[in-house]
Amino acid sequence: MTKRALVPLAQGCEELEAVTLIDLLTRAGVEVVTASLDEERLITASRGVQLVAQTTLAEVESDRFDVIALPGGLPGANHLNADLRLQRMLQQTVQQGGYSAAICAAPKVLVTAGLLAGKKATSFPGVIENQPAENMTFVDAAVVQDGQIVTSKGPGTAIAFALTLIENLLGSEKRNEVESGLQLSEAVDAAVF
């Protein structure tokens with residue numbers, strides 16, 4: 001059965017994080033659904049890039065997803081954080097055995113939804129350590145997974161974040177397959193002049 005992922009797109013989201021999540025999950029064969037928070041499906045991201053959501057959150061609110069992955073960026077993460085429907089969906093996804101995941105400024109949404117209480121988590125510096133959940137442990141790492149909760153630091157960690165979600169959903173073999181196609185080891189070697 002095909003795994004399903006929801007990537008909510010808020011006005012002012014971080015485009016690199018959103019597109020990386022959508023792209024890599026799709027490469028892995030996950031059915032990715034992008035949804036705007038309201039009727040406006042044309043999303044202007046944090047740096048002016050325009051993205052088009054496939055649907056609205058209202059249209060998929062009762063759907064079941066294997067993962068909900070939140071891109072960060074500001075003011076996008078603030079819009080996500082203010083959406084009570086999204087908080088319920090994140091809670092339900094975990095209750096149903098799925099994953100709730102957030103990167104950059106978006107882990108604040110997981111704090112608000114009560115999903116980081118007693119958990120290890122990370123975020124963009126200064127976001128959740130300044131407003132932590134009860135008994136939350138902030139970990140300064142690119143990606144932190146604690147059970148069904150996955151958090152990540154920011155745009156530069158978006159590939160590692162997406163690959164972690166792929167491994168959780170489809171296993172390490174699929175993660176390795178997607179990762180090998182990205183030529184990440186070549187990127188680490190840097191440019192030759």
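On a 1 Å grid over the protein atoms alone, a pocket is an open set of points with protein on both sides within 12 Å along at least five of seven lines, while a cavity is a set where a 1.4 Å probe fits but cannot get out; lining residues have an atom within 4 Å of a point. Grid points are joined across faces, edges and corners, and a volume is the space filled by probe spheres set on the points.

This is a predicted model, in which local features need pLDDT of at least 70 and side-chain atom pairs count only at pLDDT 80 or more, whereas totals for chains, interfaces and linings use all residues. Residues are numbered from 1 along each chain as its sequence is written, and side-chain values use heavy atoms, with hydrogens and water left out.

Let us start with the voids. The structure holds one cavity of 30 Å³ or more. In the table, Ala, Val, Leu, Ile, Met, Phe, Trp, Tyr, Cys and Pro count as nonpolar, Asp, Glu, Lys and Arg as charged, and the others, Gly among them, as polar.

| Void | Volume | Lining by class |
|---|---|---|
| Largest cavity | about 50 Å³ | three nonpolar, three polar, two charged residues |

The pocket lining includes Met1, Arg64, Phe65, Thr93 and Gln96. Phe65, Thr93 and Gln96 also line the cavity, along with Glu61, Asp63, Ile68, Met89 and Gln92. Helix α4 (residues 84–95) gives the largest share of the cavity lining, three residues.

**The sheet**

Helices (H or I, at least four residues) and strands (E, at least two) are DSSP runs, numbered from the N terminus; two strands pair if DSSP finds at least two bridges between them. Seven strands make an open, mixed sheet in the order β5-β2-β1-β6-β7-β11-β10, with β5 (55–56) and β10 at the edges. Strand β10 (residues 143–146) runs antiparallel to β11 (residues 149–152) through four bridges, and Val144 faces Thr151 across that pair. The two form a hairpin with two residues between them, where Gly147 has a positive phi of about 65°. Strand β7 (residues 99–103) instead runs parallel to β11, again with four bridges.

**Helix packing**

Contact here means heavy atoms within 4.5 Å; axes are lines fitted to C-alpha atoms, for helices over the stretch in contact, and angles run from 0 to 180 degrees between N-to-C directions. Helix α4 lies across β1 (4–9), β6 (67–70), β7 and β11, at about 135° to β6. Helix α6 touches β6, β7, β10 and β11, its direction making about 175° with that of β7. The axes of α1 (residues 15–27) and α6 (residues 158–170) come within 9 Å and cross at roughly 35°. Their contact involves ten nonpolar, one polar and one charged residues.
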